[in-house]
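Here is a short briefing to read alongside the model. Keep the structure open and follow the topics in order.

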Amino acid sequence: MSVEEILGAIKELSVMDLSKLVKMIEEEFGVSAAPPVAVAGAVAAAPGGAEEAPAAEEKTEFDVHLTEIGDQKIKVIKEVRAFTGLGLREAKEAVEAAPNVIKEGVSQEEADKIKEALEAVGAGVDIK
């Protein structure tokens, strides 16, 4: 298969299948698809010669991880559909693939709302 053919096949995948593919590639090759984290600058010298580390940048984007479905799977699927805009089949696949990321790059406020909604129907959720 050529690289172009592989790319064409990837374009045909659903979001959930693409997510599974990325996870499989990460596990198979021991790599991560996550962007590298910037390392804080050099340590600044404080008055009196003591060294002080610079303040870490505040995280502004969060990922919502569904860790477990719970016993109300249908309600969890409905909540996932509500905040992701996924169709019924894609939302069902996302829920059944738990543990996995349900929503990426959201604000702390939105992540908290999603977590609260999912926990209200019995799902396990982490924000990272």
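A contact, as used throughout this briefing, means heavy atoms within 4.5 Å. This is a predicted model, in which local features need pLDDT of at least 70, side-chain atom pairs count only at pLDDT 80 or more, and totals for chains, interfaces and linings use all residues. Residues are numbered from 1 along each chain as its sequence is written, and side-chain values use heavy atoms, with hydrogens and water left out.

**Overall layout**

- The chain holds five helices and five strands; helices (H or I, at least four residues) and strands (E, at least two) are DSSP runs, numbered from the N terminus.
- Along the sequence, these elements follow the pattern α-α-β-β-β-α-α-β-α-β.
- Of the 128 residues in the chain, 20% are buried, where buried means under 20% relative accessible area, exposed over 50% and partly exposed in between (1.4 Å probe, protein chains only).
- Among contacts in the chain with a separation of 6 or more, 60% come from residues 24 or more positions apart.

- Two packed helices are described by the angle between their axes and the distance between the axes.
- Axes are lines fitted to C-alpha atoms, for helices over the stretch in contact, and angles run from 0 to 180 degrees between N-to-C directions.
- Helix α3 (residues 73-84) packs with helix α5 (residues 108-120) at an angle of about 160°, and their axes are 9 Å apart.
- The two helices α3 and α5 are therefore roughly antiparallel; angles over 145 degrees count that way, while those under 35 are roughly parallel, 65 to 115 roughly perpendicular and the rest oblique.
- The crossing of α3 and α5 is right-handed; a crossing gets that name if the near helix is turned clockwise from the far one by less than a right angle, and is left-handed if anticlockwise.
- On the α3 side the contact uses Val76, Glu79, Val80 and Phe83, and on the α5 side Ile114, Ala117 and Leu118.
- By class, this contact of α3 with α5 has six nonpolar, no polar and one charged residues; Ala, Val, Leu, Ile, Met, Phe, Trp, Tyr, Cys and Pro count as nonpolar, Asp, Glu, Lys and Arg as charged, and the others, Gly among them, as polar.

**Helix α3 against helix α4**

- Helix α4 (residues 88-96) packs with α3 at an angle of about 120°, with the axes 9 Å apart.
- α3 and α4 also make a right-handed crossing.
- Lys73, Val76, Ile77, Val80 and Arg81 of α3 meet Leu88, Ala91, Lys92, Val95 and Glu96 of α4.
- Six nonpolar, no polar and four charged residues form this contact of α3 with α4.

- The peptide bond from alanine 98 to proline 99 is cis, with omega near 5°, and proline 99 lies in the loop between α4 and β4.
- Most peptide bonds are trans.
- Asparagine 100 belongs to strand β4 (residues 100-106) and counts as buried at 4% relative accessibility.
- The side chain of asparagine 100 reaches the backbone oxygen of alanine 94 at 3.2 Å.
- Leaving out residues up to four places away in sequence, asparagine 100 touches Met16, Lys23, Val64, His65, Leu66 and Ala94.

**Histidine 65 and glycine 124**

- Histidine 65 sits in strand β3 (residues 62-68) and is buried, with a relative accessible area of 18%.
- Not counting residues up to four places away in sequence, histidine 65 touches Asn100, Val101, Gly124, Val125, Asp126 and Lys128.
- Glycine 124 is in strand β5 (residues 124-127) and counts as buried at 13% relative accessibility.
- With the sequence limit of four places again applied, glycine 124 touches His65, Leu66, Thr67 and Glu68.
- Glycine 124 and alanine 98 are 26 residues apart in sequence and 9.6 Å apart in space, C-alpha to C-alpha.

Technical notes:
Polar contact = N/O pair within 3.5 Å; in protein donor to acceptor, adjacent residues only side chain to side chain.
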